[in-house]
Amino acid sequence: MKRFKLQGKSSAAVATVSLVVAVVVIAVAVYMLWPAKPAECRFELQASLDKPYYRVGDEVSLSIVIRNLNDTATTQTVEVKVDNEVVYSEDVEIPASGSKTVAVGFKAEKPSTITVTVGEDSTTLSLEVVRCVTDFWGRDIEIPYNVERVVVLAEYEIVYALGAWDKVVGVSKYAYTNPVMCALKDINISEVPSPGSSWSLNVEELLALDPQVVLIYGFSGRTAETVEQLENLGIKCVVLELNSLDDIYRLIRLYGQIFGKEDRAEELIQIMNQTLDMIRERTANIPYDERPKVIHTWSKKLKVTGNMGVINDLIELAGGVNPASELEGKYVTVSIEQIIEWDPDVIIIWGIAKYGVEDIMNDTQWQTISAVVNGRVYKYPRGICTWSPEVVVLALKFAKWIHPELFSDVNVQEVADQLFMEVYGIPSPFEWEP
Amino acid sequence: MKKLKLLVLAVLPIPAFFFSLVIGQFDIPPLTVYEIFFTKLFNPLISSPWPPAYEVVVWNIRLPRVLLALLVGASLSVSGTALQGLFRNPLVSPYILGLSWGANFGVALSLLIPLPFSPQFMAFSFGLLAVFLAYSIAKVRGETPVISLVLAGVIVSAFFTALQYIAKFFLDPQALQGLVYWMMGGFYLAHWDDVMVTCIPIIFSVVMLSLMSWRINVLSMGDAEAKMMGLNTELNKVVIIVLATVMAAVAVSVVGTIGWVGLIIPHLVRMAVGPDHRKLIPLSATVGAAFLLVADDLARSITTYELPVGILTTLSGVPFFVYLLKKTKGRSWS
């Protein structure tokens, strides 16, 4: 009875069930018979770098893990691009249902985007790069690749000469009276804020300028303390301590590196070398015992340049002999008797000294010294910086004072004007030929 | 025996003088030095048979330096002796009333701001200004009790120290180095001009204080006692302070602040001859002169560099003072 009922009632239900079964069967058949899914889509791609960031020139090690989700082995093209430049492109065989690790190595040059492509799959990573510079204390310092905010407490004019002035947010207070900075046409130095100088730094004002990097002299006994304090606050300090002519080259190259202006730095060095080579050519062959004795006096008549510093190098380069180089140091106070004993042929006075040529010429204690007897006491222009490219003009002036006969054809003013034009784009703000 | 001791102390500068003339970097045989010295002294116009450098070294370099050291030594010691007697205080030196710090500030100021005055003039006037300030502060109802003078000196010194630090803050390192060198004191720039400028006020003050020495004796018994003996204490005090200050200020303005000479020499001489200022003042002059001269000989000969003589006087003064304190158990004043 029940069965009948069922049979009788169910003709529509049977049809429905059969339809469902048929659909399922067809679906399974279609699934089974459908062509295999393209292999490209069946990968898992992972790429990673071995360090969170790199220094310029570091070897970057990129590892790419490709997992094959197919059950067949396949060969795929793996391509790595750094900022659209292909650094790696190989066909790689990936075993069935297994994974393959590809290691790619290349040099870090600048912050970039890395694109890894396997078949049609791709992934991107960003490559963080910092610059690493070595300062004059021999410390390796990591600074942002593109510095944007720099406080320059030392040799600001070189930053200008490099064409990186837009990165400067603060200068030393001495910049305000620097003749070169004041003579520049396109910047108004007095509008640039100053947190003090390398010797007396107002740290709070410095922080207010929010610098990434501070360029500071290391001559003060308290620099180490200041540097530690700033670095604890996350500000990178590059310490500068110049003691020779070679240090100026080192400084220019260092600044070029910091501001990413290496090419211009080399250009500045070329400009300097033109003049220096000319001086060397003419003075190098003078025998040692025929070289005039030259002393350089600082803020006091009896404070002379010893065996250290740029000035001592300039005297040597210009074909003179500094008798005070037997004494250790940059500034050495000696007695007047010592100077009489040296009996220098030429005396050169520091440009900023408060005394002049007359003060030495008229001093009764100096009257027997050869330089005074022959009227060969000179003073160079006030405010000329000995740690900048223009130092070569000073070298030339020294050379002309020490060996007038060898440099009679040279007009120092012309050389100076040309050099200033090439370096700063202005004629020399100093008077060289009276 | 006692007379001999006095005589020896009195003529001490003479051997020191001749000894110092032959000391120096430049090599001249000692006999030639004396030959040049005496020839130039008695016969200045004679054309010299020596190399011109010799003559310059002896006559224009060593002689002014030696004379200046003698003058400054005498000045600082006599000034110290007079002030110690006046204040009845063994710790007093010419610098107690703020002289040295005032002078230091004067020099710092002259380095900082371009002024028409020389640093020497600034040192001199600010030294005097400091002492004048101290004296004005200490003056109460027409009197200046010793204790308030000493305290006023401390106040004025502190004030000028602070001012000087402000000036230092703004000075660039080169100038700062110059200031530090000046503060340590030295004779390395000595010229005849300096001798000429300093000799009159210093010799005048030494003579005046020697003549007034009995008054210092009376004043050193205390204000009340001195008044009872009929002395115008205030007037005498002012005159003595002015003389002692001016002579020290002159010395400081030319050679910088040479420390401790004005402190140890008065003690040394007092130990040797007793507390009578009639002997003390002239003998401080001779002993102080000789002491500073020998100290300067050391300063210019122990290295090729010039040492500031102030360092040497202070270094030699400190152990001496420690010895003095230990030996007398603090009771050196009698």
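In which loop of chain A does Glu155(A) lie? In this predicted model, Glu155(A) sits in the loop between β11 (150-152) and α3 (156-161) of chain A.

Figure 1. Glu155(A) is not a glycine, yet has a positive phi of about 50°. Most residues other than glycine have a negative phi. Glu155(A) counts as buried because 23 other C-beta atoms lie within 10 Å, where the cut-off for a buried residue is 20 or more.

Figure 2. Asp210(A), a residue other than glycine, has a positive phi near 55°. Is Asp210(A) buried or exposed? Asp210(A) has 12 other C-beta atoms within 10 Å and is therefore exposed, as the cut-off for an exposed residue is 12 or fewer.

**Figure 3. Helices α7 (residues 245-258) and α8 (residues 262-283) of chain A.** The two helix axes come within 7 Å and cross at roughly 160°. Because of this angle, α7(A) is roughly antiparallel to α8(A), the cut-off for that class being over 145 degrees. The crossing in which α7(A) passes α8(A) is right-handed. On the α7(A) side, the residues in contact are Tyr249(A), Ile252(A), Arg253(A), Tyr255(A), Gly256(A) and Gln257(A). They meet Glu262(A), Arg264(A), Ala265(A), Leu268(A) and Ile269(A) of α8(A). Sorted by class, the contact of α7(A) with α8(A) comprises six nonpolar, two polar and three charged residues.

**Figure 4. Domains of chain A.** Chain A is divided into domain 1 (39-127), domain 2 (130-260) and domain 3 (284-424). Between the C-alpha centres of domain 1 and domain 3 of chain A the separation is 63 Å.

**Figure 5. The side of chain B that touches chain A.** Here 21 residues of chain B are in contact with 20 residues of chain A. Helices α4 (52-87) and α8 (173-184) of chain B each supply at least two residues to the chain B side. Which element gives the most to this side of chain B? The largest share comes from α4(B), with six residues. By class, the side of chain B that touches chain A has eleven nonpolar, seven polar and three charged residues.

**Figure 6. Ile96(B) and its surroundings.** Ile96(B) is placed in the loop between α4 and α5 (99-112) of chain B. Ile96(B) counts as buried because it has 25 C-beta neighbours inside 10 Å. Apart from neighbours within four places in sequence, Ile96(B) is in contact with Leu83(B), Val150(B) and Gly153(B). Val146(B) is 50 residues from Ile96(B) in sequence, and the two are 12 Å apart in space, C-alpha to C-alpha.

**Figure 7. Helices α13 (residues 261-273) and α14 (residues 277-301) of chain B.** Their axes come within 9 Å and cross at roughly 125°. The two helices, α13(B) and α14(B), are therefore oblique to each other. In passing α14(B), α13(B) makes a right-handed crossing. Residues of α13(B) in the contact are Val261(B), Ile265(B), Pro266(B), Leu268(B), Val269(B), Arg270(B) and Val273(B). From α14(B), the contact includes Lys279(B), Leu280(B), Leu283(B), Ser284(B), Val287(B), Gly288(B), Phe291(B) and Leu292(B). The contact of α13(B) with α14(B) has eleven nonpolar, two polar and two charged residues.

Notes
Residues are numbered from 1 along each chain as its sequence is written. Chains are lettered from A and ligands numbered from 1 in the order in which they are written. This is a predicted model: local features need pLDDT of at least 70, side-chain atom pairs count only at pLDDT 80 or more; totals for chains, interfaces and linings use all residues. Axes are lines fitted to C-alpha atoms, for helices over the stretch in contact, and angles run from 0 to 180 degrees between N-to-C directions. Helices (H or I, at least four residues) and strands (E, at least two) are DSSP runs, numbered from the N terminus. Angles under 35 degrees count as roughly parallel, over 145 as roughly antiparallel, 65 to 115 as roughly perpendicular and the rest as oblique. A crossing is left-handed if the near helix is turned anticlockwise from the far one by less than a right angle, and right-handed if clockwise. Two residues are in contact if their C-beta atoms, placed from the backbone, lie within 7 Å. Ala, Val, Leu, Ile, Met, Phe, Trp, Tyr, Cys and Pro count as nonpolar, Asp, Glu, Lys and Arg as charged, and the others, Gly among them, as polar. Domain bounds come from an automatic or database domain assignment.
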